[in-house]
Amino acid sequence: MAQFGFDNDIHSILKLDMPITNAPMARWQRKASSSMSTSCANTSALSPGKSGNRSLSLSKTPSKTPGKNGKTQCTPSKAGGDRFIPTRNNKQMDVASFLLSKENEPMDTNPSAATSENQKAWSVTLNGYDIEEAKILHLGGKPLNAPEGYQNNLKVLYSQIPTPVSTKKNRYIPSVPDRILDAPELRNDFYLNLLDWSSRNLLAVALHNSVYLWDATQGDIVLLMKMEREEDYICSVSWIKEGNFLAIGTSDCKVQLWDVENQKRLRSMASHTARVGSLSWNNHILSSGSRSGHIHHHDVRVADHHIFTLSGHSQEVCGLEWSPDGRYLASGGNDNLVYVWPGVQEGTGQGSNAVHSFNEHQGAVKALAWCPWQPNILASGGGTSDRHIRIWNVTSGSCISALDTQSQVSSLKFAPNYKELVSGHGYAHDNVVIWKYPSLTKVAELNGDTPLSENVQIGPKVSIFC
């Protein structure tokens, strides 16, 4: 009996070490099984090659985060994220790979200047840009600046909405004169050229038989010269390019040359048989046009100043203008013609034959202007019977465009800072107009208080627009 009881005890002890087949699953086993099933469900749902139900993974109990009040708050987990895929072409990828590999290479401590220049030239030729200045990542477009006083500058770096700073402001063009100068005894004659502005900011004004200089910087007015006879008068004034000498054409058929710094007359050149109404400088060559229709070239360096004469116009020459490069001289006359003459060739008799003769104008041509950025472009303006501005290509001899201004064109000038053409008008509008070039669309119109005369002055006054 005792032996039977001992066997039962041994059997019960051995039975505890054997696995329990019908017992419930342990807690650690349940946790491991739950995490593995969740991972497998997410993998099968996000993998493109396997079919799975994503709702199974999203239906799991979310993790719990304790709140401030002791209660638990549910925070759902994210199923995926947003990706940034840069847009780069193959050339940029190759350059980026080269730059990354180049960082591991030892640097040349003493490269020669010639080798560096050659490498830069090869890089520009092969790649289109210098490889040393290339970037691994390149962002297209320039970020806009934040408005003034804005706190969060990073928020508007890549905004497409224009800010007040980035918005281009319109150009200010004054509608009233900045200065009005009294000009008594200013001759109201369309064919004369009585105003000229120097490179030193001096304005020369011819009043009857006197020439006055107005310093635009200081505001001083100086009487430069006065003709001896009361019946004589000034017909034209023209500054040399440097602005230290002034040429004066008179009614007694002479051309005077004055040193404005010393207020001294250097010489008086006589060669014409009628009044000299137009002047134009080309370095040391001074060209003068007279009522006889002749144009004379003067070399102001020598005693025998008269080089030769250009004969083409049948009536008074009222417009003369040398091109900026000195290759051509344009002349306009009361015979409605525009001539283009070749430049002066020293030591030869060439240059007396016109390159072109334009007869499209129906009125006297006084206004002439050469384009500073296109030396072969000439603008001309007709008088009261014509009223047109015409643009010429002197290389081909063709008229590019023509514009009816509905008013007498008395002067033309290309703006140096903008691609614009400025015209001064007499009868009937008496104004100054700014035109966009080459479209010849009107930009602005400047009007004075009283009618403008033929020299873009206001009656007995001179108006200055800044």
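This section describes the confidence of a predicted model, its salt bridges and the surroundings of one tyrosine. The mean pLDDT of the protein is 78, and 66% of the residues score at least 70.

Ten salt bridges are found in the whole structure. In one of these, the side chains of Arg275 and Glu316 meet with an N to O distance of 3.0 Å, joining the loop between strands S11 and S12, which holds Arg275, to the loop between strands S15 and S16, which holds Glu316, across 41 residues of the chain. Glu316 is also paired with Arg291, with the closest N and O atoms 3.6 Å apart; Arg291 lies in the loop between strands S13 and S14, so this pair ties together parts that are 25 residues apart in sequence. Glu316 counts as buried because its relative accessibility is 6%, whereas Arg291, with a relative accessible area of 45%, is partly exposed. Together with Asp189, the residues Arg275, Arg291 and Glu316 are linked in a network of salt bridges.

A further salt bridge connects Arg390 with Asp386, the closest N and O atoms being 3.7 Å apart. Arg390 is buried at 12% relative accessibility, and Asp386 is buried with a relative accessible area of 4%.

Tyr212, in strand S6 (residues 210-215), is partly exposed, with a relative accessible area of 30%. Its contacts beyond four places in sequence include Leu203, Val205, Ile221 and Val222, and the C-alpha atoms of Tyr212 and Val222 are separated by 5.6 Å, although the two residues are ten apart along the chain.

Definitions and conventions. Residues are numbered from 1 along each chain as its sequence is written. This is a predicted model: local features need pLDDT of at least 70, side-chain atom pairs count only at pLDDT 80 or more; totals for chains, interfaces and linings use all residues. Side-chain values use heavy atoms; hydrogens and water are left out. pLDDT is the predictor's confidence in each residue, from 0 to 100. Helices (H or I, at least four residues) and strands (E, at least two) are DSSP runs, numbered from the N terminus. Buried means under 20% relative accessible area, exposed over 50%, partly exposed in between (1.4 Å probe, protein chains only). Contact means heavy atoms within 4.5 Å. A salt bridge is a side-chain nitrogen of Lys or Arg within 4 Å of a carboxyl oxygen of Asp or Glu.
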